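Open the model in your viewer and keep the selection tool at hand. This tour tells you what to pick at each stop.

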Amino acid sequence: MGEGLNKWLKMSKTPDKRVEAILNLAVVDTFIRKKHDELFSQYDLTMSQFNVLRILKGVYPDGHPRCEIITRMIDPSPDITRLIDRLITKKLVKRVKGKEDARMSVAVITPKGIELLDELNKKVSALTNKLFESISEKECETLSNICEKIYSEQN
C-alpha cells in the first residue's frame with residue numbers, strides 16, 4: 001500500500017491494488033470536497049449550490065427546469081427544489097414560467113448570481129492550481145483518462 005494512503009487511513013495492508021486504488025479515490029474525493037466546502041462556506045454556499053449556479057450560467061439568459069438541472073449535476077441532489085429555493089432566497093436565482101409550458105417553472109441565474117459565480121470561479125481556479133501544483137499536465141491527463149475509463153465502462 002502507498003505510504004500516503006497507509007498514513008491517511010492508519011492501515012498497513014489492503015487485499016489488492018484495485019482496492020487500494022478505490023480507497024485512494026475515496027480519500028482524494030473527501031479531501032478535495034473538504035477544501036471546496038471550506039471555500040464555499042465563506043460565501044454561505046454548498047458545493048451543490050455552486051454546481052447549480054455553474055449549470056445555470058451556462059445557459060444564461062435562459063434557464064433550466066429542475067429535472068434538467070439534476071441530469072447535469074456532478075452529484076445530483078435528491079431535494080433540488082429546496083436547493084433552488086435557498087438560491088432564490090439569496091437572490092442568486094429566480095424562477096420563471098417555462099416558455100413552452102407555463103405550468104413548468106424554470107430556474108434562471110440572476111445578475112447577482114453571475115457576479116458571485118465569477119468571483120468564486122477565480123477562487124476555485126486558484127484552489128485547483130494549489131491542489132494540483134505537484135501534478136504535471138500529462139499526469140492530470142492520465143488521471144482523467146483513468147477516471148473516465150472507470151465510469152464510462154459502467155454506463
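Two residues are in contact when they have heavy atoms within 4.5 Å of each other. The model you are looking at is predicted.

**Stop 1: the whole protein**

Show everything as a cartoon. The protein has seven helices and two strands. Start at the N terminus and follow the order: α-α-α-α-α-β-β-α-α. How much of the protein counts as buried? The share is 26% of its 155 residues.

**Stop 2: helix H2**

Select residues 17-41. This is helix H2, with 25 residues. At 1.5 Å a residue, H2 should span 36 Å, and its end C-alpha atoms are 36 Å apart, so the two values agree. Look at the start of the helix. There, a side-chain oxygen of Asp16 reaches to within 2.9 Å of the backbone nitrogen of Arg18. Next, colour Glu20, Val27, His36, Leu39 and Phe40. These residues of H2 are buried.

Now pick Leu25, also in helix H2. Leu25 has a relative accessible area of 35%, so it counts as partly exposed. Together with Leu25 they make a nonpolar surface patch of about 320 Å². Two elements, H2 and helix H7 (137-152), each give two or more residues to this patch.

**Stop 3: His64**

Select His64. Where does His64 sit? Find the loop between helix H3 (47-57) and helix H4 (66-72): His64 is there. Is His64 buried or exposed? Its relative accessibility is 9%, so His64 counts as buried.

Show the side chains around His64. Leaving out residues up to four places away in sequence, His64 touches Ile55, Leu56, Val59, Ile69, Arg72, Val106 and Ala107. Stay on Arg72 for a moment. The side chains of His64 and Arg72 make a polar contact at 3.4 Å.

**Stop 4: Lys94**

Move on to strand S1, residues 93-97, and select Lys94. Its relative accessibility is 43%, so Lys94 counts as partly exposed. Which residues is Lys94 in contact with, leaving aside neighbours within four places in sequence? They are Ile88, Val106, Ala107, Val108 and Thr110. Lys94 and Gly63 are 31 residues apart in sequence, yet their C-alpha atoms are 9.4 Å apart in space.

**Stop 5: salt bridges**

How many salt bridges does the structure hold? There are eight. Visit some of them in turn.

Select Lys90 and Asp44. They form a salt bridge, with the closest N and O atoms 3.1 Å apart. Lys90 lies in the loop between helix H5 (80-89) and S1, and Asp44 in the loop between H2 and H3, so the pair ties together parts that are 46 residues apart in sequence. Compare how open each partner is. Lys90 counts as partly exposed because its relative accessibility is 21%. Asp44 counts as exposed because its value is 56%.

Next, select Asp118 and Lys57. This salt bridge has its closest N and O atoms 2.5 Å apart. Asp118 is in helix H6 (residues 111-131) and Lys57 is in helix H3, so look for two distant parts of the chain, 61 residues apart. Asp118 is partly exposed at 31% relative accessibility. Lys57 is partly exposed at 32%.

Then select Arg95 and Asp85. Their side chains meet in a salt bridge of 2.6 Å, N to O. Arg95 is in strand S1 and Asp85 is in helix H5, 10 residues apart. Arg95 counts as partly exposed at 35% relative accessibility. Asp85 is partly exposed too, with a relative accessible area of 30%.

Finish with Asp29, Arg33 and Asp75. Salt bridges that share partners join these residues into one network.

Note on methods. Residues numbered from 1 in each chain as written. Predicted model: local features only at pLDDT ≥ 70, side-chain atom pairs only at ≥ 80, totals over all residues. Heavy atoms only, no water. Helix = DSSP H or I, 4+ residues; strand = E, 2+ residues; numbered from the N terminus. Buried < 20%, exposed > 50% of the residue type's maximum accessible area, 1.4 Å probe, protein only. Polar contact = N/O pair within 3.5 Å; in protein donor to acceptor, adjacent residues only side chain to side chain. Expected span 1.5 Å × (residues − 1). Patch = residues over 30% accessible without salt bridge, like charges linked within 9 Å, V, L, I, M, F, W, Y side chains within 5 Å. Areas by Shrake-Rupley, 256 points an atom, 1.4 Å probe, with all protein chains shown as cover. Salt bridge = Lys/Arg side-chain N within 4 Å of Asp/Glu carboxyl O.
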